[in-house]
Amino acid sequence: MSHSPADRSALIELVRLWHQDATPWIPSGLGQHLGWGPRLDPGHDVLSCRHLDRVIDHAVDDLTLSVEAGMPLDSLQALLAKQGQWLPVDLPRDGNAGSIGGLVARGLAGGLRQRHLGVRDQIIGIGLLRADGVEARAGGRVVKNVAGYDLMRLLCGSWGSLALITDVTLRVQPVRPHQAALVLDGALSDLESYRAELVRSTLTPERCDWQGSVEQGLQLRIVVSSVSDEAVEEQLQRLDNIGRSHGLTSDHQPCSDPRDNGLTCSAPTWLVRVVLPPAKVSELLQSPAAWALTGWSWDVAAGAGCGDGWSSGASQPFQVEALRRSVIELGGALTVLVQPETAAIPAWLDTPARPVIEAVKRQFDPRQQLCRRRLPGVNQDTA
């Protein structure tokens, strides 16, 4: 059953009641991505923050914004746009923005990490509600606040397993009004040489992504932005010159929004997230495990090494497990976000820090009420 208390006091009262009865429950923003990751018990109550959607404070001149966690990300960006600002974070792969609290809880970053780092680096303050109904805060509303334990990064990527995020304070950026994209084609080895030179250069594109499919060919798509068309054109020309030196062909394309990476997936059968050393991404994409996954699309940040692969086809679970082994051999990790009902691959595997993660879970949620069987870094099949 899903619950959406109308105000903060009603939400706290409900959580305290559940704590008294040791009732298991699932923290949620708008509920659009509850099916991602390890499967949750459908009989557990879902607590939605959709009515916690106020703007608490917007310090326009200080480039900080405090909002309640249920605010839709689209609404947040629209609010910032009126002041010539934006929050440089990527949309979830399926194009459903969800809430800002849900985005923080998942902690997934994409191509914008090339220049702006991930959402965990944009948070400077956070409010949370523990499983026992006690409120807590960390950080503040100024960028240089460093007091206390860094709960922001602990909760970012916790998938609702430690507490319910109630509000966040974020650093925002001024909008650079002019942008354009450059798409580069060529042999994968030449594209990788170009990527390596780009990350060593003084150029700072908004994003640089591996995109495409293994069968039809992969490309590098680069987005640049600045305060003038002339500055954008100068950057594109420099990028073009580097490309020609590596034997690549290029195509200049318009781009109205750096957040738009040009690729979304609608109702995928499989959706996986890979995180690798950036220099290893091209090795993965030309590995036998990647070639075996026919019909898959890829979008991976070339400068940050994180991104997604997905398919609407009927790939076999053993093929995805082979891909995971290849990712691990290259020094990375793979998370299964979406898989068929008939598949039973662990969303994530145990990490060496599993004992520490479980100890933190016991401190935050001693009765194990929150998101049972969903604890990042702990294989749900061995939990």
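I began with an open sheet of three strands, ordered β1-β3-β2, with parallel pairing. The model is a predicted one, where local features need pLDDT of at least 70, side-chain atom pairs count only at pLDDT 80 or more, and totals for chains, interfaces and linings use all residues. Residues are numbered from 1 along each chain as its sequence is written, and side-chain values use heavy atoms, leaving out hydrogens and water.

A note on terms: strands (E, at least two residues) and helices (H or I, at least four) are DSSP runs numbered from the N terminus, and two strands pair if DSSP finds at least two bridges between them.

**Entry 1**

Which strands stand at the edges? I found β1 (2-3) and β2 (25-28) there, each with a single partner strand, so one side of each has no neighbour in the sheet. β1 is joined to β3 (residues 45-48) by two bridges, and Ser2 sits opposite Val46 in β3. Then I looked at helix α1 (residues 8-21), which packs on the sheet and touches β1, β2 and β3 (contact means heavy atoms within 4.5 Å). The direction of α1 makes about 155° with that of β3 (axes are lines fitted to C-alpha atoms, for helices over the stretch in contact, and angles run from 0 to 180 degrees between N-to-C directions).

**Entry 2: aromatic pairs**

Rings of Phe, Tyr and Trp (its six-membered ring) pair if their centres lie within 6.5 Å; planes under 30 degrees apart are stacked, over 60 edge-to-face, and the rest tilted. I got three aromatic pairs by this rule. Trp18 and Trp25 make a tilted one, 5.6 Å centre to centre with 40° between the planes. Both Trp18 and Trp25 are buried (under 20% relative accessible area; exposed is over 50%, partly exposed in between, with a 1.4 Å probe and protein chains only).

Trp159 and Trp348 are edge-to-face, at 5.4 Å and 70°. Why did I care about where they lie? Trp159 is in the loop between α5 (151-155) and β9 (164-171) and Trp348 in the loop between β18 (333-338) and α11 (354-364), so the pair ties together parts 189 residues apart in sequence. Trp159 is buried at 9% relative accessible area, and Trp348 is buried at 7%.

**Entry 3: a hairpin**

Five bridges join β7 (residues 123-129) to β8 (residues 135-139), and the two run antiparallel. Gly125 has Gly139 in β8 as its bridge partner. Five residues lie between the strands of this hairpin, and Gly133 takes a positive phi near 85°.
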